[in-house]
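Dear colleague,

Please find below the structure that I am handing over to you. My findings follow it.

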Amino acid sequence: MSEPIDWVGPDQLDDGLKSGHYRPEWTWIAEDGGKLLARAVWWGLPDGAHPLALDCLYVHESVGDRQALAAHLIASAHRHFQAQGMPRLPEFHLFSPGDAPPAEAAAALDWRIEAAAAAGLTDVLRRLRYEWTAGGTVPAAPERLVFRPEPDDEVFLGAFREVAEGTLDTTTRRAVARHGVAQAARDDLEGYRDMPGDRDWWRLAHTPDGTLAGLAVPSRNDQNFVVGYLGVVPSLRGRGYVDELLAETTRILLAAGARRITADTDLPNRPMAAAFDRAGYRNFASRTVLSAPADS
């Protein structure tokens, strides 16, 4: 595929089918006389009942109205998933390389965004993707905050609740608006608990007088070590503590053997993007997340 957008190729699809992240019933095609015209591949957890995200959408260049065919394919799959008891439409994640020509990247995104919107995914969130790679500068050890492991999930849950208040992270803001801060915090905690990262990596950060300053949740997914989640409590924002949270997160992952660390932040969250820049992370791509409205 020549478009500058993430693509699930044969090897990745085969690996995903073997691991259970992709499934035949989550992979939909449109064909005409045996000719493949379109393909949509959804991703989910190996033990999950329903897919969580659309990973790849392809329509052959010969199709006159690629948007219309893609919308029909996605909507058909959505109806099937809902008939199987899926409570909420899966998101659609689109990845574009940072060095792609802007006009080509926009063209690859636009028809997919419009097709997804026609199938019910009308909320658009744009995120920046960052990476730290081996050979980069290792952040200095934090000096102003004290970091401690905390094995009690309920204590960590309280910290999740605190940092969610007034956050610039769009995903967290939407979750709080939809479910309330308590449920949003619990969903975050359980989501990171389910990831392959080690629970022992998690840290609470305190000022020298013992005041909670924030939390850091280094983790990993199936492919990379990831920054995961970090946040500063509202009363201490604007003091540069985010740099120490990110430094500690990076150092924990490097000690765990990371040679590459990835992270996302929402486009409007400029303070977090600036922290990644200061820490030597490189903005290598963008992610566009399409989802159904909260009240759908």
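**Helix α4 and its setting**

Aspartate 152 caps the N-terminal end of helix α4, with a side-chain oxygen 2.9 Å from the backbone nitrogen of glutamate 154; a polar contact here is a pair of N or O atoms within 3.5 Å, and within protein one must be able to donate a hydrogen and the other to accept it, while residues adjacent in sequence count only if both atoms are side-chain atoms. The model is predicted: local features need pLDDT of at least 70, side-chain atom pairs count only at pLDDT 80 or more, and totals for chains, interfaces and linings use all residues. Residues are numbered from 1 along each chain as its sequence is written, and side-chain values use heavy atoms, leaving out hydrogens and water.

Helices (H or I, at least four residues) and strands (E, at least two) are DSSP runs, numbered from the N terminus. Helix α4 covers residues 153–164; at 1.5 Å a residue, its twelve residues should span 16 Å, which agrees with the 16 Å between its end C-alpha atoms. The expected span is 1.5 Å times one less than the number of residues. Glycine 166, with a positive phi near 70°, follows α4.

Among the buried residues of α4 are Asp153, Phe156, Leu157 and Phe160, where buried means under 20% relative accessible area (1.4 Å probe, protein chains only). Their cover includes α5 (170–179), α6 (181–193) and β8 (212–220), contact meaning heavy atoms within 4.5 Å.

The protein as a whole has eight helices and eleven strands. Buried residues make up 50% of its 296 residues.

Yours sincerely
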